[in-house]
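Please look at the sequence and the model first, then read on.

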Amino acid sequence: MNLLQAIDPVAFSLGSLEVRWYGVIIAFGIIVAFLVAQKEMVKRGFHPDYLTDLLIWAVPIAIISARIYYVIFKWDFYGQNPGKIIEIWNGGIAIHGALIGSFLTAYFFTKKRGTSFWKVTDIVAPSILIGQTVGRWGNFMNQEAHGGEVTRSFLENLKLPDWIINQMYIEGKYYHPTFLYESVWNLIGVIILILLRKVNLRRGEMVLFYLVWYSVGRFFIEGMRTDSLYLIGDLRQAQVISLVTIAVAIIIFVYRRMTVKPVVRYQDK
């Protein structure tokens, strides 16, 4: 069997500077997510510059918080090698850290601007999932965030194209393309969220649905991965965070249904 070479993770070089596909794909995901959210923001009555102003703060804070989160759960290593903490170009960020940073930024930003946190996060919820859908392909280019060992026939039975199957061939073995499972799960969530706009849910329920949807998928897919961050022993932090997120989102949903009056819906000004 002739196997193709793995895809070069470096997209192009500018002198000694290597630009990796991971960064290119993440940037592309942010741009697509921004364009989708921007159209809806203006449609819902926001100034065209509102989202840009928010992202100027949210994007760098998300990257920093994603790194901090990862370092915390890898402190056994970074505590011994503090000089490597800033070496983000060598990998090591966590989406949950990015989400925490992004939501905190959005909360304080909306409070300062006198706008509704729930309205803004409802609008951008599908775009967050778009970014996550696209971003997982950065893991594909790096041959990381994969699951356990499988056979080539297993991957062929999934009707995957050869270029994906080949990229899942790492050091003589094939692995579960968990990046793909999560990307597909997120894409389904994007479609559902866009359809839910027409349902006109109560304000806040779009983003709560996002939190539950993503967390359910992440919980099960995380159990398949081989590169998880751990809390104690075999307790995977992403699964714990996912369960906590699901529980908190449901509690907030029920609480707001019972107490928030008058009812304000997604399409309301």
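Which residues does Glu-40 touch, not counting residues up to four places away in sequence? They are Ile-123, Arg-197 and Tyr-266, where contact means heavy atoms within 4.5 Å. This is a predicted model, in which local features need pLDDT of at least 70, side-chain atom pairs count only at pLDDT 80 or more, and totals for chains, interfaces and linings use all residues. Residues are numbered from 1 along each chain as its sequence is written, and side-chain values use heavy atoms, with hydrogens and water left out.

**Glu-40**
- Glu-40 is found in helix H1; helices (H or I, at least four residues) and strands (E, at least two) are DSSP runs numbered from the N terminus.
- Glu-40 counts as buried because its relative accessibility is 7%; buried means under 20% relative accessible area, exposed over 50%, and partly exposed in between (1.4 Å probe, protein chains only).

**Nonpolar cores**
- The largest nonpolar core has 30 residues, of which Met-41, Leu-129, Leu-193 and Tyr-210 touch the most other members; such a core is a set of buried Ala, Val, Leu, Ile, Met, Phe, Trp, Tyr and Cys residues joined through side-chain atoms within 4.5 Å.
- Helix H5 gives the most to this core, with seven residues.
- Apart from this core lies another of 13 residues, including Val-134 and Leu-155.
- Leaving aside neighbours within four places in sequence, the contacts of Leu-129 include Asn-186, Leu-193, Tyr-210 and Trp-213.

**Helix H9**
- H9 has 18 residues and reaches 25 Å from its first C-alpha to its last, close to the 26 Å expected at 1.5 Å a residue; the expected span is 1.5 Å times one less than the number of residues.
- Among the buried residues of H9 are Glu-205, Tyr-210, Trp-213 and Arg-218.
- The cover over the buried residues of H9 includes H4, H5, H8 and H10.

**Backbone features**
- Lys-261 and Pro-262 are joined by a cis peptide bond, with omega about -5°, and Pro-262 lies in the segment after H10.
- Gln-143, in the loop between H5 and strand E3 (149-150), has a positive phi of about 55° although it is not a glycine.
- Gln-143 counts as partly exposed, at 21% relative accessibility.
- Glu-171, in the loop between strand E4 (169-170) and strand E5 (173-175), is not a glycine either, yet has a positive phi of about 50°.
- Glu-171 is exposed, with a relative accessible area of 80%.
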